[in-house]
Amino acid sequence: MAKRVHRPREDAEFNFILGMSEVPVLAYFTGTWPKAIEPCRVMDLVVGGIADHYTGRLTAVRADITRCPAATERYGITGAPSYVLLKEGEAVAHGTGPMTIAEVRKLLDGHL
């Protein structure tokens, strides 16, 4: 995964990253249960590529659902992988399930 993808260990760190970001945030929610592991690993590569492509225009955050339960609830995340594009803390776009780089870029481009 790209070094530009933040990996908060808890909700407080997730909120800190959101508060410090001067650009929109792509929050990527992952899970550790058996059916979520492989799709989330694949999406690590996609989100890493997205973070590289949008350097300076986007902050990428990989949040584990079990480590960031308040964020998971606040943004209505019900499965993994899931994505929420946040502008000033407000959700402006959502995505769920494995996606290609092109699909994620389509989700983002109208908002960046």
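Residues are numbered from 1 along each chain as its sequence is written, and side-chain values rest on heavy atoms, with hydrogens and water left out. Because the model is predicted, local features need pLDDT of at least 70 and side-chain atom pairs count only at pLDDT 80 or more, whereas totals for chains, interfaces and linings use all residues.

Helices (H or I, at least four residues) and strands (E, at least two) are DSSP runs, numbered from the N terminus, and two strands are taken to pair if DSSP finds at least two bridges between them. Strand S4 (residues 82-87) runs antiparallel to S2 (residues 25-30), to which 5 bridges join it, and in this pairing Tyr-28 stands opposite Tyr-83. S4 is also joined by 6 bridges to S5 (residues 90-96), again in an antiparallel arrangement, with Leu-85 opposite Ala-93. The hairpin of S4 and S5 has 2 residues between the strands, and within this hairpin Glu-88 takes a positive phi near 55°. Of the 6 residues of S4, 5 are buried (buried, under 20% relative accessible area; exposed, over 50%; partly exposed, in between; 1.4 Å probe, protein chains only).

A nonpolar core is a set of buried Ala, Val, Leu, Ile, Met, Phe, Trp, Tyr and Cys residues joined through side-chain atoms within 4.5 Å. The largest such core has 36 residues, and Phe-14, Phe-29, Ile-50, Tyr-75, Val-104 and Leu-108 have the most contacts inside it. At least two residues of this core are supplied by each of H1 (11-20), S2, H2 (34-53), S3, S4 and H4 (101-109), the largest share, 7 residues, coming from H2. When neighbours within four places in sequence are left aside, Leu-108 is in contact with Leu-26, Ile-50, Tyr-54, Leu-58 and Leu-85 (contact, heavy atoms within 4.5 Å).

A search of the whole structure finds 4 salt bridges, each defined as a side-chain nitrogen of Lys or Arg within 4 Å of a carboxyl oxygen of Asp or Glu. One of them joins Asp-52 and Arg-4 (3.6 Å, N to O); because Asp-52 lies in helix H2 and Arg-4 in the segment before strand S1 (5-6), this pair ties together parts that are 48 residues apart in sequence. Asp-52 is partly exposed at 40% relative accessibility, as is Arg-4 at 42%. Another salt bridge links Arg-41 to Glu-38, with the closest N and O atoms 4.0 Å apart, and these residues, 3 apart in helix H2, are separated by about one helical turn.
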